Amino acid sequence: MGHFLSDLSLSSAKSIFNRVYSHENLQKALFLTGLAYASWNILSVSSKVLSYAFTTETNLISRYGVDSWALVTGASDGIGKEFALQLARRGFNIVLVARNEEKLSAVRTEITTLYPNIRVRIVIADFSNCAEEGFFERIERETNDLDISILLNNVGDACIEEYHLVPYEKIRNVVLLNCLSQALMTRVFLPRLIARTTNRIRSAILDVSSMASEQPRPYLQLYAATKTFSLFLSEGLAHEHPNLDIISLKPGFIATKMIGNKKLDMKVCTSEQFVASSLRYLGKTRATNGHWKHQYLSTFLGALPESMLIKRLKTNLYITLQEVRAGQAAAANAAAAKSTN
Ligand SMILES: NC(=O)c1ccc[n+]([C@@H]2O[C@H](COP(=O)([O-])OP(=O)(O)OC[C@H]3O[C@@H](n4cnc5c(N)ncnc54)[C@H](OP(=O)(O)O)[C@@H]3O)[C@@H](O)[C@H]2O)c1
């Protein structure tokens, strides 16, 4: 009996649907709704990507103060080094913070050769030790005679692996470099940045998060989570301090040693392109992907239904994981062969 009733209700539902759907006006309405939805998506992607062409850079040195300093963490290589170079070109004196003195000295020489009027100070700090008491206070003390107008929280570490295989030490390092460094650098320098802000002169904080902050990422789960921490801390502070220019940068792939200097393509840009493009957004927005290639990808991924998005990310990241493992195995074999010779 129950069977008969459910068959009956199913067939009547089908016939009602067929009758309603065959109605010409309904078909038209559905078509127009679909068309409007697709056009809206195309428009929103195009307007975001096009905004990259029309956004111009503010005169940063007059906005933040002539003769002021930008402090950059993770400044010996990659994106941090490029920010140091490009900010020096715009007239900022630079504090370079990282762990390798030799590499930092080379960056200082590069900057002062290109821009002889720019002063550079080096602060050696290994952020793997940043949970130690007094770590951040020492950086503050070593720079407390300088008018720091820009803090750039860039230092970071990446990790791609199945989570149950990640060594404890790696987890500790990623959390220290990606979360604690930003949280405490900001806390330590914020009072100085606030104190120097006037009606005419502003201060800024740039936080290098990642596009990985925008969705959960299988195999890149820890990194994505730390970058979401970075994004939320940055955006929360930006709302709390409207008189400061606080911006979270969410790049996709940038060809640096962190990602094995990937080859350039439609998804990958150089540090130079990313930094030049990001600086145009300083003082104009609280968060950006920085470069149009990454904005395009972010908008495309954001428009996918969640199940499709996660499936796509999982497949792509699994392939990347296999490539990384193959690279690590090759490096270990080469090192072993070298030590036996
Ligand atoms: N590259 C990308 O595709 C990409 C995408 C999205 C977000 N990001 C983010 O961008 C930031 C910079 O990445 P990157 O690609 O420029 O990386 P990178 O080329 O590996 O450079 C990292 C910088 O951080 C320094 N550093 C590493 N560990 C340190 C430690 N324990 N103490 C002090 N300094 C340390 C490095 O110094 P050494 O020279 O001594 O190693 C180097 O100066 C990171 O926060 C990263 O998550 C990168």
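At what angle do helix α4 (residues 78-89) and helix α9 (residues 271-279) pack?

1. Basis of the note. This is a predicted model, in which local features need pLDDT of at least 70 and side-chain atom pairs count only at pLDDT 80 or more, while totals for chains, interfaces and linings use all residues. Residues are numbered from 1 along each chain as its sequence is written.

2. The chain overall. The chain has eleven helices and seven strands; these are DSSP runs numbered from the N terminus, helices being H or I of at least four residues and strands E of at least two. Along the principal axes, its C-alpha atoms fill a box of roughly 85 × 65 × 35 Å. Of its 341 residues, 31% count as buried (20 or more other C-beta atoms within 10 Å of the residue's own, with C-beta atoms placed from the backbone). Among contacts between residues at least 6 apart in sequence, 71% join residues at least 24 apart; a contact requires C-beta atoms, placed from the backbone, within 7 Å.

3. The pair α4 and α9. The two helices pack at an angle of about 55°, and their axes are 9 Å apart. Axes are lines fitted to C-alpha atoms, for helices over the stretch in contact, and angles run from 0 to 180 degrees between N-to-C directions. The angle makes α4 oblique to α9, a term for angles left over when those under 35 degrees (roughly parallel), over 145 (roughly antiparallel) and 65 to 115 (roughly perpendicular) are set aside.

4. Residues between the helices. From α4, the contact is made by G78, I79, E82, F83 and Q86; from α9, by S271, E272, F274, V275, A276 and L279. By class, this contact has six nonpolar, three polar and two charged residues (Ala, Val, Leu, Ile, Met, Phe, Trp, Tyr, Cys and Pro count as nonpolar, Asp, Glu, Lys and Arg as charged, and the others, Gly among them, as polar).

5. Of the 30 residues around the ligand, G74, G78, G156, T256 and M258 come nearest; a residue is near if its C-beta atom, placed from the backbone, lies within 6 Å. Helix α4 gives the most to this shell, with three residues. The shell has 14 nonpolar, ten polar and six charged residues.

6. Residue N153. N153 lies in strand β4 (residues 148-153). N153 counts as buried because it has 28 C-beta neighbours inside 10 Å. Not counting residues up to four places away in sequence, N153 touches T73, S181, Q182, M185, T186, I205, D207 and V208. N153 and G74 are 79 residues apart in sequence, with their C-alpha atoms 8.1 Å apart in space.

Note on methods:
Two residues are in contact if their C-beta atoms, placed from the backbone, lie within 7 Å. A residue is buried if 20 or more other C-beta atoms lie within 10 Å of its own, exposed if 12 or fewer, and partly exposed in between; C-beta atoms are placed from the backbone.
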